[in-house]
Amino acid sequence: MDDSAKRLLQRLVRRIPTQMLRDTLDKWERLTAKQRAFVDFTQSKWTITQELLAVCEERELSVKHIAELEMIYVIGNPNQGMWHTFQLVDAEDDAHSLELVQFKEQFKSHLSELKRNVAVKIKKHTDEAVWIRIAWGDTFSRPNHLKATYVVHYLQTPFVFVSGLLSKHKPLLLQALTLSTRHQGIKDANLSGQKLTAIRDLLMRQYQHVFPTKYPSPLAERNRSVSNLHIENEQAEASANRHRMAGEAFGNGMLPALQSAVYKLETKFRDLTNETMTERDKPLRCVVKFSSPNILESLRHCASTGIASTPVTPLLSSIPLKGRNYFVITDNAPSASSQMCQTQD
Amino acid sequence: MSLLNPFNKRPGLNTATILLVENEEQFQQSLANVLVEETAVTVNVRLAKTLPLPMKNDESRPRIDLVVFIINLTLDKSVKSAKASLKYLDPGYFLGKVCFMVTNARQALGCTGRLDAVRQLAVSLHCPVLFAEDQTPEGVTSSARRLLTILKVASGLVPNTTALYLSNLTRCAMPPDIDQPSFD
């Protein structure tokens, strides 16, 4: 086993918690049962590393196989690192009938044309996602497996999720993706987060929606239960309206665990009590960041309890509606896709 | 103006009605569940977020004997909303038929300003301030019991006592200034 393989294995053992390490090794299926039994997982990580190194040497595994192990781990635990989303635009006619084998071949060939010495591994997950692991090298050096880029793409959708991409490799990856998926362009979708499952569910709208209806509630019950007869909510209708509007804006039930929303403001300062600041012509640049373990839940709660006014302002409701969490807000801009009109002060 | 009036409706027989006004709409629900369990008197509970109350409920609404403003001291909006709702009460209520119930006084260590503001408000209106603990069932039960005591008097169900007499005993007093020396 060469140096890079050893280093990658060491790095991996350090990164993966022991319990998950055992399951990941089982899924990997490159070690025999006897070898797996040989590794004692109750020991310290250093000991485990040494034992694994010995076992992998026996099997003569190379860096490609260790890369496979890393990929299995990342596929099983995708909610780490920072994922960014891109959207493919202008599909050509045969984009919709693209199938996996064709995509794989095209992607590998395009990427190798653009850059020599890249190690690409493509794997199809059970839920229709195509996972791609790319280790970048160049004409003079071997692929660097320690800093691999991961790409997740759902075939026939225009969305691509990328993690661990350096800016110098970005144009190459994007070009390879665009060509191999038979589209004409790709743009930044302005959605990023730590949890891949959350941003994927948000973008593909995999949560319970509430559709606006003209007659929201069924006929009122005539016989209320005994305990409630003496308790009456005076403003029940207003409260129910708020709940309904909050649900329409954000959805019902469990919402995808998006963790931050960033608004970059390039608007003029507006405050009637502060003359000096309001006089300035140039816009006041500032960035507002919301973060929470589950931002959509928090916003929905704000709307339904009246902290945020209902109907929910488009500034907030665009997060689930447009599936983005990075916005640039300017004063009264014409309706361009990344800008919105200034509403409140 | 749609002022809530304490004396423009006839009282019910052996009935008392209490109105709980709370911006957060949390504590009022658990309080209401305990209040209706009272057996000696029929207790009606009306819940609201702010005043004024919607006009369309006016006819079906019984005479309200006691208005309780529930204020969460950790939230500024709670205090502001209660203050804004006070305007919609007929002055007749301030003769012992209004009460302030304050929660989270222990957590509000940095917010003594709010507690003082609520106290001053209560002093100027001659109303009592009750401190309540809303997280445990025992806290909810004890607050409900105290409210029931005041409610029974305010609805005239306790002989020889009126709300005005009781308010003289329960009204909030501003604590003396700490800077001022006690004997001079």
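This is a predicted model: local features need pLDDT of at least 70, side-chain atom pairs count only at pLDDT 80 or more; totals for chains, interfaces and linings use all residues.
Residues are numbered from 1 along each chain as its sequence is written, chains are lettered from A and ligands numbered from 1 in the order in which they are written, and side-chain values use heavy atoms, leaving out hydrogens and water.

Helix α9 covers residues 236–250 of chain A and α11 residues 295–305 of chain A; their axes come within 7 Å and cross at roughly 155°. That angle makes α9(A) roughly antiparallel to α11(A) (over 145 degrees; under 35 is roughly parallel, 65 to 115 roughly perpendicular and the rest oblique). Axes here are lines fitted to C-alpha atoms, for helices over the stretch in contact, with angles running from 0 to 180 degrees between N-to-C directions. Helices (H or I, at least four residues) and strands (E, at least two) are DSSP runs, numbered from the N terminus. On the α9(A) side the contact is made by A:R242, A:H243, A:A246 and A:F250, and on the α11(A) side by A:L296, A:L299, A:R300, A:A303, A:S304 and A:T305 (contact means heavy atoms within 4.5 Å). Sorted by class, this contact has five nonpolar, three polar and two charged residues (Ala, Val, Leu, Ile, Met, Phe, Trp, Tyr, Cys and Pro are nonpolar; Asp, Glu, Lys and Arg charged; the others, Gly among them, polar).

Chain B has helix pairs with other angles. Take α1 (residues 27–35) and α4 (residues 137–154) of chain B, whose axes come within 9 Å and cross at roughly 65°. These two helices are therefore roughly perpendicular to each other, and α1(B) passes α4(B) in a right-handed crossing. B:F27, B:S30, B:L31, B:V34 and B:L35 of α1(B) touch B:V140, B:T141, B:S143, B:A144, B:L147 and B:L148 of α4(B). That contact splits into eight nonpolar, three polar and no charged residues.

Then there are α2 (residues 76–86) and α3 (residues 112–125) of chain B, which pack at an angle of about 15° with their axes 11 Å apart. They are therefore roughly parallel to each other, and α2(B) passes α3(B) in a left-handed crossing. Here B:D76, B:V79, B:K83 and B:L86 in α2(B) meet B:R114, B:V118, B:L121 and B:L125 in α3(B). The tally for this contact is five nonpolar, no polar and three charged residues.

On to charges. Side chains of opposite charge can pair when their charged atoms come close. Over all chains, the count comes to 22 salt bridges (a side-chain nitrogen of Lys or Arg within 4 Å of a carboxyl oxygen of Asp or Glu). One of them joins A:D94 to A:R182, with the closest N and O atoms 3.0 Å apart. A:D94 sits in the loop between β1 (83–91) and α6 (100–114) of chain A, and A:R182 in the loop between α7 (170–180) and β6 (183–193) of chain A, so the pair ties together parts that are 88 residues apart in sequence.

A few backbone details also turn up. The peptide bond from A:T310 to A:P311 is cis, with omega near 0°, and A:P311 belongs to the loop between α11 and α12 (314–323) of chain A. In chain B, the bond from B:L51 to B:P52 is cis too, with omega near 5°; B:P52 is in the loop between β2 (42–48) and β3 (66–72). A:N190, in strand β6 of chain A, has a positive phi of about 60° although it is not a glycine.

As for confidence, the model scores ipTM 0.81 and pTM 0.81. Mean pLDDT (the predictor's confidence in each residue, from 0 to 100) is 84 for chain A, where 93% of the residues score at least 70. For chain B the mean is 87, and 92% of its residues reach 70 or more.

How values were computed
A crossing is left-handed if the near helix is turned anticlockwise from the far one by less than a right angle, and right-handed if clockwise.
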